[in-house]
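These are my notebook entries on a set of look-ups in one structure. I record helix packing, the chain interface and a few backbone angles.

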Number of protein chains: 2
Amino acid sequence: MEIAELGEFGLISHLTEEIEIKNAETLKGVGDDCAVLAYDGERRVLVTTDLLMEGVHFDLQYVPLKHLGYKSAMVNLSDIYAMNGRPRQMTVSLALSKRFTVEDLEQFYDGLRIACEAHGCDIVGGDTTSSLTGLAISITCIGDAPADKIVYRSGAKDTDLICVTGDLGAAYMGLQLLEREKSVYNAQVREARQRGEDLASLPPFEPDFSGREYLLERQLKPEARRDIIEALAKADIVPTAMMDISDGLSSELHHICRQSGVGCRIYEERLPLDYQTAVMAEELNLNVTTCALNGGEDYELLFTVPLALHDRISAVPGVKVIGHITKPEFGLQLVCRNGTEMELKAQGWNPIKSEK
Amino acid sequence: MEIAELGEFGLISHLTEEIEIKNAETLKGVGDDCAVLAYDGERRVLVTTDLLMEGVHFDLQYVPLKHLGYKSAMVNLSDIYAMNGRPRQMTVSLALSKRFTVEDLEQFYDGLRIACEAHGCDIVGGDTTSSLTGLAISITCIGDAPADKIVYRSGAKDTDLICVTGDLGAAYMGLQLLEREKSVYNAQVREARQRGEDLASLPPFEPDFSGREYLLERQLKPEARRDIIEALAKADIVPTAMMDISDGLSSELHHICRQSGVGCRIYEERLPLDYQTAVMAEELNLNVTTCALNGGEDYELLFTVPLALHDRISAVPGVKVIGHITKPEFGLQLVCRNGTEMELKAQGWNPIKSEK
């Protein structure tokens, strides 16, 4: 059977369905942003891991290694916050092909260190080895949380409010922008080669990013939302369900609804969008709502809170209520600007299903 | 600067020298078999991670995926035992190119699960994604140990006895055997192609492994030494220093001596060797002592105990005393069978320094 038939989540379910948990300390295994472990006392240990492959998750033609280090750390830190935890330790493994120099690695580690220092996370180990082609990055982040504050994907209840932080779709727009400028550059190089010109004689390539800085930053330097986790704690709000938005809002809502056994209704007009995202979508002739729903890599938080907390959650800066949880029989619905309803499809980025 | 100039351990030291530990819970970061974390209570959390790349760490032409899953788990379990801990949880990340099927992955997970079940370790998460070429495997293992029982590399003292478990060099010999049969097979295919023959008409290839089963098993199905850790606990022995032998005895002795600030003297005649290892070395015209010292992938334990425990440690089955710790000024010495002394060089397998 081809792996693409199952997709990432189908494959994981298939491979892990027979796994029995044997240690009483393992409170939660596969299936959330982190595993949850109970060692002594009232604190729980959270574990999350990510494997990033060159050519699939990042393109070194336009991603500086320092940014790559920063982002690699952020995507893992974000998973710890998504459980309402605090990151504490990180292991970092790299497999490098021969083209990388020590200076390249220093750049990568610089970015990694800046991210970890900003989030109070210690780099405690890893593995450095070689690869035949490309760069592979594997990061595991360990965090902790008091037992009664951990938030799973499975706790959303009918009538709960659905909240998202920041704005959506900008990281995806940043990626489109980088891909467009890369195509322009590659075309120039190709044409120069066809004319038999020396590539060194080409004028320096100056990509046109003016006025699009925010989109680039969202793609190259995402920020895990520690500030939101702290603001929620200060406001004494523990969400009923939470996850971070890495594959796109629509895909993540599907996870929460499936794992909580509920439906949802969200409103197109309430999706938080940045002005630059809208302008760029217009320019590329893309539907901005589709980008916000399915773009991915936002690393914002998606969470639910009881309806009774409406006023308190509305007062938290950076949080927007975009809809509410419904009974499961209503499915996942998007209420469009014109009042029509359509079913929310999970078309998020899926590295296994996509044709790479 | 080229990475090969620094080598793996030089590179890691270079990249991590500026890392400051910020969490009081991080008792030990980079530099041992595992990181050591103190959450609540008297138990410590151990973390180790490995990144294995196709073509560098394994060759799917002769390693069945089930064995690969088993071995990938074992090398991480071995690191937890090397701290005198018990494995508890594991995360498993895979990056797959398009040639893998769901059935392939099932084979891999079968091996993984058998290893984890035998060692009471829960698979709690991971990441499954795609790669442009080859298979990448990243495993993180979490274990625990009572605070006062953890054994670091840095605790060896002058006059301590140096002990190893099992026998050495057999996994390396198994690799040589597999490589030899692969060459024979590839040559047959090449010649058939040159003669313009249909490859399907070739007689089935029957590698000659008779009488070498132990060498193959050591290479394809290594066993982490949980039994030794349990036997030491039963005998109430806590080693002063310990690590597992993954890169070769010589390389690991260098780690222990450097981190403990000591020297050592080991005896060639006391190195534990299997009969098949010796026969195979003879056949391949290799020095069997060199293979035992530098072969790697044995996943046996190397540890030191106080001299006073000589009788007690000698009574533990599967453990052999091969020498003793000395003052640092004596360096690392091998006493040969003929009585001459030579300096022990660390020529262990180093994926970054080697020419791949």
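**Entry 1. Helices 4 and 8 of chain B.** I looked up how helix 4 (residues 170-194) of chain B packs on helix 8 (residues 275-284) of chain B, and found an angle of about 45 degrees with the axes 9 Å apart. Helix 4 of chain B is therefore oblique to helix 8 of chain B, since angles under 35 degrees count as roughly parallel, over 145 as roughly antiparallel, 65 to 115 as roughly perpendicular and the rest as oblique. The axes are lines fitted to C-alpha atoms, for helices over the stretch in contact, and angles run from 0 to 180 degrees between N-to-C directions. The crossing of these two helices is left-handed (the near helix is turned anticlockwise from the far one by less than a right angle; clockwise would be right-handed). On helix 4 of chain B, the contact uses B:Ala170, B:Met173, B:Gln176 and B:Leu177, and on helix 8 of chain B it uses B:Gln276, B:Thr277, B:Met280, B:Ala281 and B:Leu284. Contact requires C-beta atoms, placed from the backbone, within 7 Å. I sorted the residues of this contact into six nonpolar, three polar and no charged. Here Ala, Val, Leu, Ile, Met, Phe, Trp, Tyr, Cys and Pro count as nonpolar, Asp, Glu, Lys and Arg as charged, and the others, Gly among them, as polar.

**Entry 2. Provenance.** I note that this is a predicted model, in which local features need pLDDT of at least 70, side-chain atom pairs count only at pLDDT 80 or more, and totals for chains, interfaces and linings use all residues. Residues are numbered from 1 along each chain as its sequence is written, and chains are lettered from A and ligands numbered from 1 in the order in which they are written. Helices (H or I, at least four residues) and strands (E, at least two) are DSSP runs, numbered from the N terminus.

**Entry 3. Helices 2 and 3 of chain B.** Helix 2 (residues 65-81) of chain B meets helix 3 (residues 102-118) of chain B at an angle of about 40 degrees, with axes 6 Å apart. This crossing is right-handed. The contact between helix 2 and helix 3 of chain B has 12 nonpolar, five polar and three charged residues. Buried residues of helix 3 of chain B include B:Leu105, B:Phe108 and B:Leu112 (buried: 20 or more other C-beta atoms within 10 Å; exposed: 12 or fewer; partly exposed: in between). B:Ala118, in helix 3 of chain B, is partly exposed, with 15 C-beta neighbours inside 10 Å.

**Entry 4. Positive phi outside glycine.** B:Asn285 is not a glycine, yet has a positive phi of about 60 degrees. I placed B:Asn285 in the loop between helix 8 and helix 9 (288-294) of chain B, where it is exposed, with 6 other C-beta atoms within 10 Å. B:Glu297 has phi near 65 degrees and lies in the loop between helix 9 and strand 10 (300-305) of chain B. B:Glu297 is buried, with 22 C-beta neighbours inside 10 Å.

**Entry 5. Interface.** How many residues of chain A are in contact with chain B? I found 68 residues of chain A in contact with 68 residues of chain B. Strand 5 of chain A gives the largest share of the chain A side, nine residues. That side has 30 nonpolar, 23 polar and 15 charged residues.

Notes: Two residues are in contact if their C-beta atoms, placed from the backbone, lie within 7 Å.
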